[in-house]
Amino acid sequence: MKRSAPARKSAKPRQSNGNSAPPTATSGLRARKRRETRERLTRAAMALFLERGFEATTLDDIVAAADISRRTFFHYFASKEDVVFAWQEDGSTALIAAVAARPATESMLQAAENAIAEMVRQLDPREAVALAKLKRDNPALQARDQVKYEKLERELADALLMRAGNKADRMKARLVAMITTGAMRVGGDLWAADGAREKPELLAKRIFAAIRAIFE
């Protein structure tokens, strides 16, 4: 008598990988709370810096104003200087996004100029002047300001090159980024020294007109 073959075992259902699970509501809530705490901390610190001065504001002042502990502060920032430049980082990120969103018909320089003119309309004159004085009076902030502009120049060059879609334009993108960040520094210094009396978008237009006139 012929022996029948053993029946095949049914395959076990494949278990899902825990790493591919969608984010939970708890993790989303945690991320939102961290973002809100960071924003509250930054706003509280900047308000104190602009009111009292950078050196006169202590870490205890900041954590009291933000209603957090010193330990929580160091979860977000390593120093007071980091708070100042985290606050400015939001502006840099917005500028890069504004450049990337400019119409393809605009040249690199036009895109940078129009993005800056659009961004500076949102500036608070009193706050901008106070911040310029804050950095001018503090060597540590001056050094960090230089690093900020170097980082912005690199990111702006990358955004301009990506917008152009042609790797052959790399040198042009770097040159326009260098000119643009230089214009921002000169414009910011002139505007603050003049007490921020001129509308910043008009000053931006004048500066870029001066840049073009140099090459005529």
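Start by selecting Glu155 and Lys151: in this predicted model, the two form a salt bridge, with the closest N and O atoms 2.6 Å apart. Both residues lie in helix α7, four residues apart, about one turn of the helix. Glu155 is partly exposed, with a relative accessible area of 28%. Lys151 is partly exposed as well, at 31%.

Stay on helix α7 and select Lys148 and Asp145. Their side chains meet in a salt bridge of 3.3 Å, N to O. The two residues are three places apart in the helix, again about one turn. Are Lys148 and Asp145 buried or exposed? Lys148 is buried, and Asp145 is buried too. The charged end of Lys148 sits over the ring of Tyr149, 4.1 Å from the ring centre.

Next, select Arg144 together with Asp82. This salt bridge has its closest N and O atoms 2.9 Å apart. Arg144 belongs to helix α7 (residues 139-164) and Asp82 to helix α4 (residues 80-100), so the pair ties together parts that are 62 residues apart in sequence. Arg144 is partly exposed, with a relative accessible area of 29%. To see a network of salt bridges, select Arg102, Glu106 and Glu118, which are linked in one. Over the structure, the count of salt bridges comes to 15.

Turn to the aromatic residues. How many aromatic pairs does a search of the whole structure find? The search finds three. Select Phe49 and Phe54: their ring centres are 4.9 Å apart and their planes are at 50 degrees, so the pair is tilted. Both Phe49 and Phe54 are buried. A second pair to select is Phe73 and Phe77, also tilted, with 6.1 Å from centre to centre and 50 degrees between the planes. Phe73 is buried, at a relative accessible area of 1%. Phe77 counts as buried because its relative accessibility is 4%, below the 20% cut-off.

Lys80 lies over the face of Phe54, at 4.5 Å from the ring centre.

Now select Glu113, in helix α5 (residues 108-120). At 8% relative accessibility, Glu113 counts as buried. Which residues is Glu113 in contact with, leaving aside its neighbours within four places in sequence? They are Lys205, Phe208 and Arg212. Helix α9 spans residues 200-214.

Two backbone positions come next. Most residues other than glycine have a negative phi. Select Asp67, which has a positive phi of about 60 degrees although it is not a glycine. Asp67 is placed in the loop between α2 (59-66) and α3 (70-76). With 67% relative accessibility, Asp67 counts as exposed. Then select Ala196, whose phi is also positive, about 55 degrees, although it is not a glycine. The place of Ala196 is in the loop between α8 and α9. Is Ala196 buried or exposed? Ala196 counts as buried, at 10% relative accessibility.

Switch to a surface view and select Met171, Leu175 and Met178. These residues make a nonpolar surface patch of about 330 Å². Met178 lies in helix α8 (residues 170-193). Met178 is partly exposed, with a relative accessible area of 44%.

Finally, select the whole protein chain. What does the secondary structure come to? There are nine helices and zero strands, so coloring by secondary structure shows the pattern α-α-α-α-α-α-α-α-α along the sequence. Of the 216 residues in the chain, 34% are buried. Among contacts between residues at least 6 apart in sequence, 67% join residues at least 24 apart. The chain exposes about 14,500 Å², and carbon and sulfur atoms supply 54% of that area.

Technical notes. Residues are numbered from 1 along each chain as its sequence is written. This is a predicted model: local features need pLDDT of at least 70, side-chain atom pairs count only at pLDDT 80 or more; totals for chains, interfaces and linings use all residues. Side-chain values use heavy atoms; hydrogens and water are left out. Buried means under 20% relative accessible area, exposed over 50%, partly exposed in between (1.4 Å probe, protein chains only). Contact means heavy atoms within 4.5 Å. Accessible areas come from the Shrake-Rupley method with a 1.4 Å probe; for residues, only the protein chains shown count as cover. Rings of Phe, Tyr and Trp (its six-membered ring) pair if their centres lie within 6.5 Å; planes under 30 degrees apart count as stacked, over 60 as edge-to-face and the rest as tilted. A charge sits over a ring if NZ of Lys or CZ of Arg is within 6 Å of the ring centre and within 35 degrees of the ring normal. Patches are made of residues with over 30% relative accessible area and no salt bridge: like charges are joined within 9 Å, nonpolar side chains (Val, Leu, Ile, Met, Phe, Trp, Tyr) within 5 Å. A salt bridge is a side-chain nitrogen of Lys or Arg within 4 Å of a carboxyl oxygen of Asp or Glu.
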